[in-house]
Amino acid sequence: MSSFSAELINRLTTADSVAVLTGAGISAESGIPTFRDPGGLWEKLKPEELANFDAFMANPQLVQGWYEHRRHVVHDAQPNAGHVALAELERLYEDFTLITQNVDDLHTRAGSRHVVELHGNIMRNYCVSCGRPASEKDVSTASDTGVFVCPCGGLIRPDVVWFGEMLPPGVVEAADAAARRTDVFLSIGTSAIVYPAAALPITARLHGAYVAEVNVRESAITDQLDEVVIGPAGEVLPALLETVLASRRTPRG
Ligand code: OAD
């Protein structure tokens with residue numbers, strides 16, 4: 001693990017407002033595969049075959065089955081030390097926004113309160129015909145044709161953003177506003193390839209924030225940020241939290 005700078009600790013110690021963007025990398029140590037790393041989801045499965053509305057309508061059983069599998073993986077996973085450290089970091093600030101591209105619920109389960117889910121949540125489902133949220137029963141009992149359907153007869157889909165779809169109303173605005181007003185922005189475990197998420201660290205920096213990245217390798221935007229800490233989020237974030245807590249206990253002269 002590379003070390004973080006005194007500047008980052010100083011900024012986090014004196015900040016009034018902190019915003020964080022997370023990607024699949026923060027959940028990697030919980031056993032949830034990322035998308036673009038070796039062995040990641042998009043290596044084996046093509047997004048255009050699974051993660052879009054036309055693919056779903058063409059083969060609902062295949063797409064529902066894939067999401068059912070991923071739901072089970074998320075259900076069985078536990079938040080790791082990185083998620084927990086972010087939940088604890090949140091308690092130090094009145095204004096703290098955790099923006100996530102992840103569709104798992106591990107930040108909330110770790111205790112984070114102010115979470116902005118950019119790409120939806122895999123644990124929620126709804127009917128494409130009537131729009132009603134699906135119940136547990138709806139997504140555990142397949143119809144005669146092998147697909148999950150709503151009592152109205154419509155197909156049930158996960159409440160996640162697919163390729164070509166708009167992000168949920170309000171979330172981009174909330175994330176962008178947090179990026180603009182924050183003093184420190186942390187970009188954690190994301191390849192920073194998918195927009196609009198990847199623009200948020202840049203927006204924050206343009207508006208005066210100190211922007212640091214935590215990743216096991218450099219991302220697509222590393223050279224546009226103030227600092228990169230190379231290492232697994234589950235190790236870097238607890239160490240960062242401890243250092244900030246120690247710095248806050250040290251009287252300032
Ligand atoms: P990616 O799979 O593109 O990137 C994961 C990042 O996490 C990479 O930069 C890895 O180096 C890093 N990483 C892996 N293990 C790590 C660890 N233990 N600690 C820290 N970093 C680690 O995932 P995202 O950037 O989240 O969108 O992908 C963005 C979006 O692309 C996803 O939300 C998804 C996908 O298409 C939708 O489904 C709409």
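**View A. Thr-203 in helix α10 of the predicted model.** Thr-203 belongs to helix α10, which covers residues 199-206. The relative accessible area of Thr-203 is 13%. Residues under 20% are classed as buried, so Thr-203 is a buried residue. Arg-181 is shown with Thr-203: the two are 22 residues apart in sequence, and their C-alpha atoms are 9.9 Å apart.

**View B. The loop between β6 and α10, with Ala-192 and Pro-196.** Strand β6 spans residues 184-188, and the loop between β6 and α10 contains Pro-196. The peptide bond that runs from Tyr-195 to Pro-196 is cis, and its omega is near 10 degrees. Ala-192 is also placed in the loop between β6 and α10. Ala-192 is not a glycine, but its phi is positive, near 55 degrees. The relative accessibility of Ala-192 is 4%, so this residue counts as buried.

View C. For Arg-36, a polar side-chain atom is 2.6 Å from an oxygen atom of the ligand. For Thr-190, an N or O atom of the side chain is 2.7 Å from a ligand oxygen atom. For Ser-191, the distance between a polar side-chain atom and an oxygen atom of the ligand is 2.5 Å. On its own, the ligand has 800 Å² of accessible area, of which the protein covers 93%.

**View D. Ile-32 in the loop between α2 and α3.** Helix α2 covers residues 25-28 and helix α3 covers residues 41-44; Ile-32 is located in the loop that joins them. Ile-32 has a relative accessibility of 12%, so it counts as buried. Val-73 is included in this view: Ile-32 and Val-73 are 41 residues apart along the chain, with 6.9 Å between their C-alpha atoms.

**View E. The second largest pocket and its lining.** The space in this second largest pocket is about 260 Å³. Residues from two stretches of the chain are labelled here. Glu-68, Arg-71, His-72 and His-75 are among the lining residues, as are Met-123 and Asn-125. The lining also includes Ala-134, Ser-135, Glu-136, Val-139 and Ser-140. Two or more lining residues come from each of α6 (60-76) and β4 (120-127). Helix α6 supplies four residues, the largest share of the lining of the second largest pocket. Sorted by class, the lining of this pocket has five polar, three nonpolar and three charged residues.

**View F. Met-166 in the loop between β5 and α9.** Strand β5 covers residues 156-160 and helix α9 covers residues 171-181, and Met-166 is found in the loop between them. The relative accessibility of Met-166 is 74%. Residues over 50% are classed as exposed, so Met-166 counts as exposed. His-119 is shown with Met-166: 47 residues separate the two along the chain, and their C-alpha atoms are 9.4 Å apart.

Key: Residues are numbered from 1 along each chain as its sequence is written. This is a predicted model: local features need pLDDT of at least 70, side-chain atom pairs count only at pLDDT 80 or more; totals for chains, interfaces and linings use all residues. Side-chain values use heavy atoms; hydrogens and water are left out. On a 1 Å grid over the protein atoms alone, a cavity is a set of points where a 1.4 Å probe fits but cannot get out, and a pocket is an open set with protein on both sides within 12 Å along at least five of seven lines; lining residues have an atom within 4 Å of a point. Grid points are joined across faces, edges and corners, and a volume is the space filled by probe spheres set on the points. Ala, Val, Leu, Ile, Met, Phe, Trp, Tyr, Cys and Pro count as nonpolar, Asp, Glu, Lys and Arg as charged, and the others, Gly among them, as polar. A polar contact is a pair of N or O atoms within 3.5 Å; within protein, one must be able to donate a hydrogen and the other to accept it, and residues adjacent in sequence count only if both atoms are side-chain atoms. Accessible areas come from the Shrake-Rupley method with a 1.4 Å probe; for residues, only the protein chains shown count as cover. Buried means under 20% relative accessible area, exposed over 50%, partly exposed in between (1.4 Å probe, protein chains only).
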